[in-house]
Amino acid sequence: MKHIFIINPVAGKGKGLDFERKIHNIFKKINFPYEIIVTKESGHAIEVVKKITSKEKCIVYSIGGDGTLNEVLNGIINSDSSLAVIPAGSGNDFARTLYGMQLLK
């Protein structure tokens, strides 16, 4: 199964971009198929996620804040793909509610 990482470069003052190198390093070792997509503008995540998940089952990682997560969710709807959330925004209200504040420090 392919892993798709959607990174919002402006979320959390660029915090999401810090994950790009880490992802490459991890996936070089485990040799699983993956793709990193850095969004270019508002709505871009919906478009690319919908296009990819309509063709294949993936694990889609939302790396950004609540806005990024909202777009990824809208793109993944009606597919058999799974969602993972890596909070990298300034507020991360969804992740704080789900996991609690301690995990996000």
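Modeller: Keep in mind that this is a predicted model. Take cysteine 58 to begin with: leaving out residues up to four places away in sequence, cysteine 58 touches Met1, Lys2, Ile4, Ile52, Ser81 and Ser82.

Colleague: Which residues make up the largest nonpolar core?

Modeller: There are eleven: Ile4, Ile6, Ile37, Ala45, Val48, Val49, Ile52, Cys58, Val60, Val72 and Ile76. Two or more of them come from each of strand 1 (2-7), helix 2 (44-53), strand 3 (58-64) and helix 3 (66-76).

Colleague: Which element gives the most to this core?

Modeller: Helix 2, with four residues. Another core lies apart from it and has nine residues, including Phe5, Ile7, Phe27 and Ile63.

Colleague: Why would such side chains sit together?

Modeller: In soluble globular proteins, nonpolar side chains tend to be buried together.

Colleague: Now threonine 53. Is threonine 53 buried or exposed?

Modeller: Threonine 53 counts as buried, because its relative accessibility is 8% and the cut-off for buried is under 20%. Threonine 53 belongs to helix 2.

Colleague: What does the side chain of threonine 53 reach at 2.7 Å?

Modeller: The backbone oxygen of valine 49. Beyond four places in sequence, threonine 53 touches Val60, Gly75, Ile76, Ser79 and Ser81.

Colleague: Over to the surface. Which residues form a nonpolar patch there?

Modeller: Ile26, Ile30 and Phe32, which together have about 280 Å² of accessible area. Phenylalanine 32 is in the loop between helix 1 (18-30) and strand 2 (34-38), and counts as partly exposed because its relative accessibility is 45%.

Technical notes. Residues are numbered from 1 along each chain as its sequence is written. This is a predicted model: local features need pLDDT of at least 70, side-chain atom pairs count only at pLDDT 80 or more; totals for chains, interfaces and linings use all residues. Side-chain values use heavy atoms; hydrogens and water are left out. A nonpolar core is a set of buried Ala, Val, Leu, Ile, Met, Phe, Trp, Tyr and Cys residues joined through side-chain atoms within 4.5 Å. Buried means under 20% relative accessible area, exposed over 50%, partly exposed in between (1.4 Å probe, protein chains only). Contact means heavy atoms within 4.5 Å. A polar contact is a pair of N or O atoms within 3.5 Å; within protein, one must be able to donate a hydrogen and the other to accept it, and residues adjacent in sequence count only if both atoms are side-chain atoms. Patches are made of residues with over 30% relative accessible area and no salt bridge: like charges are joined within 9 Å, nonpolar side chains (Val, Leu, Ile, Met, Phe, Trp, Tyr) within 5 Å. Accessible areas come from the Shrake-Rupley method with a 1.4 Å probe; for residues, only the protein chains shown count as cover. A salt bridge is a side-chain nitrogen of Lys or Arg within 4 Å of a carboxyl oxygen of Asp or Glu.
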